[in-house]
Amino acid sequence: ARFSTIPTVLVTAEHHRKSLKHDAASVWLEDVGRTSFKVCLRELQNFDGPHQDISVNWMAFEGLEFPVFTELGKTAFDRSTSHPLESNNYAQCRDVALTGNYPSPPTILVMPKHSSSGGNIDPQHNSIAAWVEDISTSEFKVCFKELHTSRGYDAVTVTHVVLRGICPEGQSYFNGFCYGRITSCQSWSNASRTCLNNGGTLVGIGNAEEDVFVQHLHHGRPSWIGLNDRANEGSYLWTNSQPVTYTNWENGISKPPSSASEDCAESGGRNNGYHWVVSDCADCRNFTCKSDFNECSHGKYTCAQIGGVCVNIPGSYSCRCQRGYSGNGKTCTDFDECADKSKKLKCHAKLARCVNTPGSYTCQCITGYTGSGEKCSDLNECTNSLHNCHEHADCINNVGSFSCTCKSGYTGNGLICYPDCRDPGTPPNGYRRGTSLKYKSVVHYTCARGHVISGHSSTQCKADGTWSNPVPTCHSVTNVRLVGSGYRYKGRVEIYHPSYGWGTVCDDSWGLRDANVVCRQLGYSGARAAPQGARYGQGRGPILLDDVGCNGSEAYLWSCPSSGWASHNCGHGEDASAECY
């Protein structure tokens, strides 16, 4: 046979020379593959000659064979040049934890496995022995020795399988059934009744292999079996209603001759050539009780863990998939009812969605609706406090949803609402542009002719309902004069500001266009000169304007572009002048 993966192989050696019982041998595996393996055996004391009368029994399996074995594991020992510890009797040992729960220490079989490739020791020059020590209900120690190595120790893998009693105490397991040998002599009827009281039936036999097993239990002595014709002479039936598919009557007959006094069958044992015979049901015989081993209730099955169901049948079990799954029972795949367009679902049409679950599905109402999923109705998020509207917003229920609207005096999308600002007011002698009081609204300020603004020229409504800047003031600036020449039409330019008083103008960027604005402001037609460098003497007050850049059409000098009030980098030696006409 060809395995899909490297199988587990167990090997035993049997020595048939009973007169030489004190030999010793080690047996191990080499080069285990999917199609073949090599078994090696070395006799340690060849008292009866080289390898005489030795047979090797082996079995190979790919998965864990239930219910015979309960655990399967492997312990890998790496290649090493270090000598084993004296505390382990110079063997390589390792503790192994058991995964199952055992009321008493179980039986453990081990088999060492070695590879002759990769520069390892040739098996002809080696000998490997493995064994277990310190077996408890939770762990054991696996050990092995390479007996003929002189250059380190090769890598070895030790496979272990755990056996546990399958049937109740005093019973033997065979092919899915438990067999209890009863050594007390009873009539056929009492024997049948005893078996029924113990949860079984008087043994029924289905094939030659089972026949040999049952007769072996009684060591060749006669014993009752469950076959009889008590109900209908000549028509034999098993007590457990099992069909009669196999018989082993003496002389190869299909059924024995009819006899009014002999209605019950027995295994005749050694004296009858191990054939069946009929006897008086009142005779006294040992017997065997047979009961089905329920693999499902004992967890000895290989059905799919998810979606699989174990179904016990006489002598075995079968696997099927639960409702909502598809497959052969050993492999089950969840069936997506939601994706199956042909399946009529119980979900409320258009108001619920189907959600697939392992082996089934559920119906969930869509957002905005409530109910079982099979029936859904509008969910009033507002009255059930299931909305996220702002505290200063009104919740408005809609079919399948809701909306939020900010209350009067607030601005926003309903999820966030900002308070409106109060009227900021208008400065005397000034103007305001912008009437909205909503969040982020901007109001701009300007002053009337002859006045200058003091403060910020704009303000914005903030999130807390206050304005970003206070209302500015508008100061009158109607005074401008020419001094230092003795004449009104020419001289040093001086202007008046309410916060600074009278001050001069720096001649940086000063020109005829600037002087024209001053002359027209004083009532003259224009300027014929714009002297610099304090032509008409240095002033004493503050320097109020610098970097003046008029285009000549402005009504007031302070309306021209400049560096701003009292912002300059000049001295009075740079005072500007004007000569008007």
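Guide: Helix H2 is followed by His219, whose phi is positive, near 55°. The model is predicted, so local features need pLDDT of at least 70 and side-chain atom pairs count only at pLDDT 80 or more, while totals for chains, interfaces and linings use all residues. Residues are numbered from 1 along each chain as its sequence is written, and side-chain values use heavy atoms, with hydrogens and water left out.

Visitor: Which atoms come together at the start of H2?

Guide: A side-chain oxygen of Asn207 reaches to within 3.2 Å of the backbone nitrogen of Glu209. A polar contact is a pair of N or O atoms within 3.5 Å; within protein, one must be able to donate a hydrogen and the other to accept it, and residues adjacent in sequence count only if both atoms are side-chain atoms.

Visitor: Which residues of H2 are buried, and against what do they pack?

Guide: The buried residues are Glu210, Asp211, Phe213, Val214, Gln215 and Leu217. They pack against strands E11, E12, E16, E17 and E18, contact being heavy atoms within 4.5 Å.

Visitor: Why is Thr8 called buried?

Guide: Buried means under 20% relative accessible area, exposed over 50%, and partly exposed in between, with a 1.4 Å probe and protein chains only. Thr8 has a relative accessible area of 5%, and is therefore buried. Thr8 lies in strand E1 and touches Met59, Ala60, Phe61, Leu72 and Thr159, not counting residues up to four places away in sequence.

Visitor: Which residues line the largest cavity?

Guide: The lining consists of Pro7, Thr8, Val9, Leu29, Lys74, Met111, Lys113 and Thr159. E1 and strand E7 each supply at least two residues of this lining.

Visitor: What makes a group of residues a nonpolar core?

Guide: The members must be buried Ala, Val, Leu, Ile, Met, Phe, Trp, Tyr or Cys residues, joined through side-chain atoms within 4.5 Å. The largest such core has 23 residues, of which Val493, Ile495, Val505, Trp510, Val518, Val548 and Leu557 touch the most other members. Helix H3 gives the most to this core, with four residues. Apart from it lies another core, of 17 residues, among them Phe177, Leu227, Trp238 and Trp276.

Terms used:
On a 1 Å grid over the protein atoms alone, a cavity is a set of points where a 1.4 Å probe fits but cannot get out, and a pocket is an open set with protein on both sides within 12 Å along at least five of seven lines; lining residues have an atom within 4 Å of a point.
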